[in-house]
Amino acid sequence: RMPCEITADEVTTLRATVAKGDVEWVVAAATMFGSFNKLMDGLGVPLESNTVPETAELMGAGWSAGKAGQMLTANIVLTAPPAVDDWRLCLKVLWLGLKPGGVAATTARLLHGMPSTAAEASQLLQRTVGHSFPILAHLTHSKLICGLTTVIS
């Protein structure tokens with residue numbers, strides 16, 4: 001389904017299921033996946049054929065691979081899922097994120113000086129793009145506000 005098809009009852013259920021602040025993260029994650037799907041469709045990147053049957057099973061009846069699914073071959077074979085990550089891989093990922101110059105440092109450098117409150121973000125966006133994006137006032141998570149402001153500006 002399309003995100004714009006969500007019903008008021010579904011919103012109420014989501015708000016009753018997760019903490020108030022987590023609703024933003026759930027919606028942001030769904031939005032990012034939707035954006036990435038549109039990007040991949042636009043670039044003509046097909047879905048990973050070995051994950052389609054897995055996805056179809058999780059999504060249930062009525063799910064369609066959509067436009068990207070049209071690029072797949074007809075011979076889709078379900079393969080075994082990858083092995084569970086062991087502690088060495090977990091440590092390596094942690095090191096790559098935290099080491100000097102790693103992901104955390106790069107993120108901090110890229111976001112340095114970007115606002116983390118809705119009010120500050122609105123002021124910056126008004127100055128840089130000519131619109132204050134008042135919708136940001138509904139957000140509470142500083143990292144989400146900062147990330148959106150970075151992308152928009």
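**Close-up views of a predicted helical model**

View 1. Cys146 is buried, at 8% relative accessibility, whereas Cys90 is partly exposed, with a relative accessible area of 45%. Buried means under 20% relative accessible area, exposed over 50%, and partly exposed in between (1.4 Å probe, protein chains only). This is a predicted model, in which local features need pLDDT of at least 70 and side-chain atom pairs count only at pLDDT 80 or more, while totals for chains, interfaces and linings use all residues. Residues are numbered from 1 along each chain as its sequence is written, and side-chain values use heavy atoms, with hydrogens and water left out.

**View 2. A nonpolar surface patch.** Met32, Phe36, Leu39, Met40, Leu43 and Val45 make a patch of about 560 Å². Areas come from the Shrake-Rupley method with a 1.4 Å probe; for residues, only the protein chains shown count as cover.

**View 3. Val45 in its loop.** Val45 lies between α2 (20–43) and α3 (52–59). At 33% relative accessibility, Val45 is partly exposed.

**View 4. Helices of the protein.** The protein has eight helices and zero strands. Helices (H or I, at least four residues) and strands (E, at least two) are DSSP runs, numbered from the N terminus. Of the 153 residues, 14% count as buried.

Notes
Patches are made of residues with over 30% relative accessible area and no salt bridge: like charges are joined within 9 Å, nonpolar side chains (Val, Leu, Ile, Met, Phe, Trp, Tyr) within 5 Å. A salt bridge is a side-chain nitrogen of Lys or Arg within 4 Å of a carboxyl oxygen of Asp or Glu.
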